Number of protein chains: 2
Amino acid sequence: MPINPAPRAYQIVLQAIEEDLRTEKLSLGDQLPGERALAEQHGISRASVRDAIRILDVMGIIKTSTGSGPNSGAVIVSNPAAGISQALRLHLAAKGINVREIVESRILLETWAAQMTPRDPIQAQQVIERTAVLIMRMDDAQLSRESFHRIDAEFHVLLASMAGNAVVESMMESLRNSISDYVAASIPDDESWQPVVKVLRRQHKAIHHAFATGHRERAAQLLEEHITWFYSQTH
Amino acid sequence: MPINPAPRAYQIVLQAIEEDLRTEKLSLGDQLPGERALAEQHGISRASVRDAIRILDVMGIIKTSTGSGPNSGAVIVSNPAAGISQALRLHLAAKGINVREIVESRILLETWAAQMTPRDPIQAQQVIERTAVLIMRMDDAQLSRESFHRIDAEFHVLLASMAGNAVVESMMESLRNSISDYVAASIPDDESWQPVVKVLRRQHKAIHHAFATGHRERAAQLLEEHITWFYSQTH
DNA sequence: CTGCATAGTATGGTCAGACCACACTCTGAA
DNA sequence: TTCAGAGTGTGGTCTGACCATACTATGCAG
């Protein structure tokens, strides 16, 4: 009974890169060696190296681009939400999870983040100011629905960032991403969208006001109502 | 300004499979068409198809195996924790997130799950019974440390499963997985491990007792203390 | 010397074709 | 009926090639 569950070739490279990240031999902004170089270094084919690169890519660890020079090739970025979003999205499609669970989780994370004492009060103040700007931009009647959703997402993520927990922030963003298509599909026409967006604007302002005046529990409660109400509109 | 952010070939097949999952043309246990067939269907090379397959694999949507027959090839499974674990793990290595954030998130999710009214009381009762068995198994003094950790993980995931939220369950499992190496490395020798495991056993029993007697808030509190204490041991 | 078109070079993206180990399925002999 | 062995299809890996791209170095023209 060999303990040999088929070691994949790409894992050699993957583990090597993970180790380099851990020991900070590689860090944000660095370029990875070229695929051909990695293949030679580890004694495997470029095809297998590409498997590892692809995984790092979809996980949001690196971004790749063609060409040469300092900004080409595989560069270390840090986008934890990318990988989690993709995973949630696929499992939502595969029926491994459902929308109720995602909304429930989102409420959990956002209300928690709202009630947390900010780790960095200065940053928290900046968030208050920046979200105020976002609210103004969402007031623009000319704004496309797509843009509204984008700013809306930014609003929520920004508020959650006050808690100073990148895991919660990424998961929250991922939860939202994973069901964005679903939401867009359930309110198809602009006619039914108009009354919804009016309510959303009002709710955002109330939430922001609660935050700005330091009523965190109230803000959490409003957030829960906001999210619950919105998804009740998509049924 | 073309809206052409380099459409990757593998996304063709990825989106097609995602759509088939959404419409349940593909569901749990089904086999995907062979890589060569998919390549021909979509007019791309097998290499590009393999990119998509690899992504579905690491995301925990499918498992692949060689050979022929009904259990070979790419089969739809559902392991949401796999993709999320991998993402968290890599971002932990890349310093995009840190251990404090992971522990904090884990406490959030587990205490929430503990306080939730079970969606399925019958299943909840089964969980109580099954966790009791796990606690007994963890009492075995002969148990290897590795086995202990495995059963310990199962204990926590099982308790969280009572809440009936696959997203929370998967995230919890992923958070735990992502730092398991870190934990193992910080308590290297069996000598320092022995007193720790004694406390863990006691805590597990107290948590289980609180659950079994319906004291959910007490259980949540004990869970928080349990997790906090354990990670305080790894510094 | 400066400015700029051009050739050179290295990158990831894609493709085609090959071989392997494996696991099942079919076949035919005992 | 049994079962060893050939057959077939699977993913895993490798090789080598070509492409578009983006930077870099060259060298000509002013």
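This is a predicted model: local features need pLDDT of at least 70, side-chain atom pairs count only at pLDDT 80 or more; totals for chains, interfaces and linings use all residues.

Tutor: A polar contact here is a pair of N or O atoms within 3.5 Å.

A:T64 has a polar side-chain atom 3.0 Å from a phosphate oxygen of DNA strand C. The elements giving two or more residues to the surface near DNA strand C are, in chain A, α2 (35–42), α3, β1 (62–65) and β2 (73–76), and, in chain B, α3.

In total, 27 residues surround DNA strand C, and the closest are A:R46, A:G67, B:A9, B:S48 and B:S68. By type, the residues of this surface are 6 nonpolar, 13 polar and 8 charged. On the DNA side, sugar or phosphate holds 62% of the atoms of DNA strand C within 4 Å of the protein, and bases hold the rest.

Next comes DNA strand D. Of the 26 residues around DNA strand D, the nearest are A:A9, A:S48, A:S68, B:R46 and B:G67. Of the atoms of DNA strand D that come within 4 Å of the protein, 63% belong to sugar and phosphate. The side chain of A:S45 has an N or O atom 3.0 Å from a phosphate oxygen of DNA strand D, and for the side chain of A:R8 the value is 3.2 Å, again to a phosphate oxygen. B:E35 uses a backbone N or O atom, 3.0 Å from a phosphate oxygen of DNA strand D. Two or more residues of the surface near DNA strand D come from each of these elements: α3 (46–58) of chain A, and α2 (35–42), α3 (46–58), β1 (62–65) and β2 (73–76) of chain B. The residues of this surface divide into 6 nonpolar, 13 polar and 7 charged.

Chain B superposes on chain A by a rotation of 180° with 0.0 Å of shift along the axis, at an RMSD of 0.0 Å. This is the relation of a two-fold axis. Among the residues of chain B, B:I84 comes closest to the rotation axis, with its C-alpha at 2.7 Å. Because 100% of the interface residues of chain B are also interface residues in chain A, the copies meet through the same surface.

Technical notes: Residues are numbered from 1 along each chain as its sequence is written. Chains are lettered from A and ligands numbered from 1 in the order in which they are written. Side-chain values use heavy atoms; hydrogens and water are left out. A residue is near a molecule or strand if one of its heavy atoms lies within 4 Å of it. A polar contact is a pair of N or O atoms within 3.5 Å; within protein, one must be able to donate a hydrogen and the other to accept it, and residues adjacent in sequence count only if both atoms are side-chain atoms. Helices (H or I, at least four residues) and strands (E, at least two) are DSSP runs, numbered from the N terminus. Ala, Val, Leu, Ile, Met, Phe, Trp, Tyr, Cys and Pro count as nonpolar, Asp, Glu, Lys and Arg as charged, and the others, Gly among them, as polar. Copies are superposed by least squares on the C-alpha atoms of residues with pLDDT of at least 70 in both. Contact means heavy atoms within 4.5 Å.
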